[in-house]
Amino acid sequence: MHLSKLFETQGESSLKKNGSTRKLVLKKQIFSILYLEEQKTIADLCGPVAVSIPTMTRIMHELMDEGWVIELGAGESRGGRRPVFYGLNPSVRYILGIEMTKRYTRINVFDLQNRPLGDTLQIDIELNKAPDTFEILKGEIDKFIVKYDLDKNRILGAGVCIPGLINKKSNINYSYPNLGNKPLDVIFSELLDIPAYVEHDTKTMALGESWFGLARNKSNVLCLNVGSGIGLGMIMNGELYQGFSGFSGEFGHIQIDSDGELCDCGKIGCLETVASGSAIVAKAKSKIGAGKNSIIKKLVNDDIEKINLPVIIKAAHQGDQYAIELIEESGGYLAWGMAILIHLLNPELIIIGGDMAGAGNLLSDPVKQKLNKYTINRIRQDTTIYISELKEHAGLLGTIPVVMTNLLSNEPNINNHNNPVQI
Ligand SMILES: [Zn+2]
């Protein structure tokens, strides 16, 4: 969808009057600036869109009449009259965020100031059970829309965050053939009757970190998603890195142990088989089942099958020696892999996110310690390691840039026109 089309309907009468599509492009540019930079005076806006103050004043009044823009109040005087700031009306349009994982899906709707409309809804649906999954998802989203009294036409787009091997050219998810063989954005656009934009889960988390988290205003950041698997989202030179066909970031499948365990991917001894949440849960089940002493056993009331990652992390935070050792060991293997990334890519920041991020320092301390062992110090010292501050929210928040970068980038630029601007 082209964002300037949005203004076509509302600005139709004035458009017919002057017969110019240029104004739609100008309005889109103003929308983009106000969305990304929040508030501006008319004088601030004139430079970036290259129009005069009277023209800008006229367009801003139209945008206010159409409900897009609101006056935010007067700022500090710069020597004359106090300038008036304008911003987007945050509730003129919304963004629907859908974060799908193998086991559950989270949903929320965000306004144009990126604020959630309500509590995030989490539903337990399994991704590999589509098309039933789709039916449930559609039903829940419809209920959400009714609950918040939203007009579907006012939803700019749905951002969908989904795991799997996704080819960015065909937009097909090869890990979940049951999703169908149409491009993912088509599948979700048809299902929801809303323009949908789909991105890989870890890449979406990296976008979330880049817009709202520790990677904000940073250009070279690696975001690790350590949960049931291990993924990598890369912000390189300020852009999300996709690779040739979108398969970049399969960090969990580099081989660590040539005699190791069989991985889900079919290979042997992948990083995921020793360092992921699933790996340490499997290990804890086996060792505690065989008599290993740990408070994990008490936390699951002696039901070994109930051991999961949150329980292990909880035990570690309570000082359980075995749980701490499990997380330390995972951190050691992660550092082994991260050393390769640091030597190869020289990142400014590595953010550890995903379910394992709940372990906090219990994970990042052994990672840092082992990195000192595995990396060349001169390179290592330029990379800071952080645990994600957004934690489990990074994926859902990342659906906002998934929608907005698609909408804002998919536009003709007024500055590319050689003709003078006529309104
Ligand atoms: Zn593997």
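1. Tyr174 lies in the loop between strand 8 (172–173) and helix 7 (184–192); helices (H or I, at least four residues) and strands (E, at least two) are DSSP runs numbered from the N terminus. With a relative accessible area of 47%, Tyr174 is partly exposed, a class between buried (under 20%) and exposed (over 50%), taken with a 1.4 Å probe and protein chains only.

2. The model is predicted: local features need pLDDT of at least 70, side-chain atom pairs count only at pLDDT 80 or more, and totals for chains, interfaces and linings use all residues. Residues are numbered from 1 along each chain as its sequence is written, and side-chain values use heavy atoms, with hydrogens and water left out.

3. The zinc ion has as protein donors His253 (ND1), Cys263 (SG), Cys265 (SG) and Cys270 (SG), at 2.0 to 2.3 Å. Donors are N, O and S atoms within 2.8 Å of the metal (3.2 Å for Na, K and Ca); water is not among the atoms, so sites may look incomplete. Along the chain, the spacing of the zinc donors is H-x9-C-x1-C-x4-C.

4. Cys263 is buried at 7% relative accessibility, whereas Cys265 is partly exposed, with a relative accessible area of 37%.

5. An open sheet of mixed pairing is formed by five strands in the order 12-11-10-13-14; two strands pair if DSSP finds at least two bridges between them. Strand 12 (239–240) and strand 14 (384–387) are the edge strands, each pairing on one side only. Strand 13 (residues 349–353) runs parallel to strand 14, joined by four bridges. Leu349 has Thr384 of strand 14 as its bridge partner.
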